[in-house]
Amino acid sequence: MLADVFCRVIDNYGDIGVCWRLARQLRREHGWQVRLWVDDLRAAARLVPGVDERLARQQADGVEIVHWTRPAPPLSPGDVAIEAFACDPPAEFVQQMGDRVRPPVWINLEYLSAEAWVENCHALPSPQPGGLRKYFFFPGFTPATGGLLRERTLLAERDALQADPVGRAAFLLHAGVRELRPGERLATLFCYPDAQASLLADVLAAQPVPTLLAIPPGVAPYLSDGARGALRIVRIPFLAQPDYDRLLWCADLNFVRGEDSFVRAQWAGRPMVWHIYPQAGAAHVDKLQAWLDRYPCPPCAGALQTAWNGDAEAARLPELLAQAFEAGTLAEWKAQALAWSDSLGRQPDLAANLAAFCLALQENHR
């Protein structure tokens with residue numbers, strides 16, 4: 001099975017992050033040949049070790065990386081065409097798809113949502129010019145959706161690291177995080193520019209329990225390395241995806257943003273706060289609430305999610321941050337987060353669902 005995965009980098013590393021995880025998993029776990037078309041090789045090079053942004057075609061971890069230029073490289077379609085987030089494959093490529101006796105399975109991999117309507121739209125076909133059909137494939141949180149990206153060994157690897165204090169300490173040093181002091185908690189911060197990160201730092205500095213806050217490059221640049229009150233801030237280097245996953249596993253609380261880190265924080269089984277990408281017409285508010293309707297957490301932690309996103313509870317943000325960091329609240333939240341992660345882990349993952357869906361369509365068209 002040869003699949004073409006098309007990715008346009010729109011928002012930093014979220015788009016390429018999802019596409020690279022999917023391409024790599026289809027190759028490793030399902031034995032597919034995968035060509036990942038990317039329009040921004042500089043962004044790809046940050047996430048994919050060994051990628052040279054000067055090359056038009058190259059291999060990385062068994063996946064072929066194709067620089068998606070205009071005009072597009074003259075490559076013949078494979079068995080499956082996956083456009084990520086409605087990015088539309090090149091017109092000449094689509095034309096070739098329609099010219100084939102048996103066209104490729106055409107998938108539009110949609111954005112993740114917990115909204116109920118997703119179940120009704122998942123896997124629906126859409127007629128296209130030239131007799132083609134495009135199928136909408138929705139990631140989601142229920143068996144009636146496409147599921148979430150999750151590698152086969154991910155949760156076992158998470159459990160092993162979380163049960164190994166020596167291994168965690170060694171990893172944190174490798175990741176650029178300073179050694180945790182006795183009784184010190186670890187929090188990570190990955191947010192959009194409009195987040196009230198200074199207020200978060202103020203609250204943590206006034207807490208009775210000390211916190212080490214790890215911040216990646218480019219996030220909240222006004223928060224610099226150093227200590228004040230009960231808070232220590234450390235600026236960590238840009239981490240490859242596997243190391244970022246491990247950092248989330250090691251933390252006591254993760255502030256994440258977008259889609260890719262949002263999903264990975266849930267696999268961490270740790271308390272998390274999601275900074276959702278703002279959308280026109282406040283569509284993101286409904287999307288956030290739909291997830292909160294499913295996500296188990298203490299009441300103050302649920303209110304914190306909306307306050308962090310500037311919604312109805314914004315005025316209570318300092319109070320809610322302080323409540324969420326109370327030891328009893330964090331312990332309850334941690335247990336609920338782990339149970340939520342493990343319940344999601346009992347469902348088939350997105351790559352497995354997608355592979356099975358495409359294979360079934362191929363068989364039906366024989």
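**Note on a predicted model**

1. His 284 is located in helix H10; the structure discussed throughout this note is a predicted model. The relative accessible area of His 284 is 15%, and because buried means under 20%, this residue is classed as buried. Leaving aside residues up to four places away in sequence, His 284 is in contact with Ile 276, Tyr 277, Pro 278 and Gln 279.

2. Pro 296 belongs to the loop that links helix H10 (283–292) with helix H11 (299–308). With a relative accessible area of 27%, Pro 296 is partly exposed. Its contacts, not counting residues up to four places away in sequence, are Gln 336 and Trp 340. Between Pro 296 and Trp 333 there are 8.0 Å in space, C-alpha to C-alpha, although the two are 37 residues apart in sequence.

3. The next point concerns the sheet. Strands of a sheet pair through backbone hydrogen bonds, in either a parallel or an antiparallel manner. Here, 8 strands make up an open sheet of mixed pairing, in the order E3-E4-E2-E1-E5-E6-E8-E7. Strand E3 (57–60) and E7 are the edge strands, each pairing on one side only. From one strand to the next, the twist averages 25 degrees.

4. Two pairings illustrate both senses. Strand E1 (residues 2–7) and strand E5 (residues 80–84) run parallel and are joined by 4 bridges; Phe 6 stands opposite Glu 83 of E5. By contrast, strand E7 (residues 125–128) pairs with strand E8 (residues 132–137) in the antiparallel sense, also over 4 bridges. Gln 128 has Leu 132 in E8 as its bridge partner. The hairpin of E7 and E8 has 3 residues between the strands, and Gly 130 in this hairpin adopts a positive phi near 80 degrees.

5. Two helices lie across strands of the sheet. Helix H3 (residues 91–99) lies across E1, strand E2 (33–38), E5, strand E6 (105–109) and E8, at about 115 degrees to E8. Helix H14 (residues 350–364) lies across E5, E6 and E8, at about 150 degrees to E6.

6. Helix H5 (residues 154–162) and helix H8 (residues 241–250) have axes that come within 10 Å and cross at roughly 50 degrees. H5 is therefore oblique to H8, and their crossing is right-handed. On the H5 side, Leu 154, Glu 157, Arg 158, Leu 161 and Gln 162 take part, meeting Asp 245, Arg 246, Trp 249 and Cys 250 of H8. By class, this contact has 4 nonpolar, 1 polar and 4 charged residues.

Conventions:
Residues are numbered from 1 along each chain as its sequence is written. This is a predicted model: local features need pLDDT of at least 70, side-chain atom pairs count only at pLDDT 80 or more; totals for chains, interfaces and linings use all residues. Side-chain values use heavy atoms; hydrogens and water are left out. Axes are lines fitted to C-alpha atoms, for helices over the stretch in contact, and angles run from 0 to 180 degrees between N-to-C directions. Angles under 35 degrees count as roughly parallel, over 145 as roughly antiparallel, 65 to 115 as roughly perpendicular and the rest as oblique. A crossing is left-handed if the near helix is turned anticlockwise from the far one by less than a right angle, and right-handed if clockwise. Contact means heavy atoms within 4.5 Å. Ala, Val, Leu, Ile, Met, Phe, Trp, Tyr, Cys and Pro count as nonpolar, Asp, Glu, Lys and Arg as charged, and the others, Gly among them, as polar. Buried means under 20% relative accessible area, exposed over 50%, partly exposed in between (1.4 Å probe, protein chains only). Two strands pair if DSSP finds at least two bridges between them.
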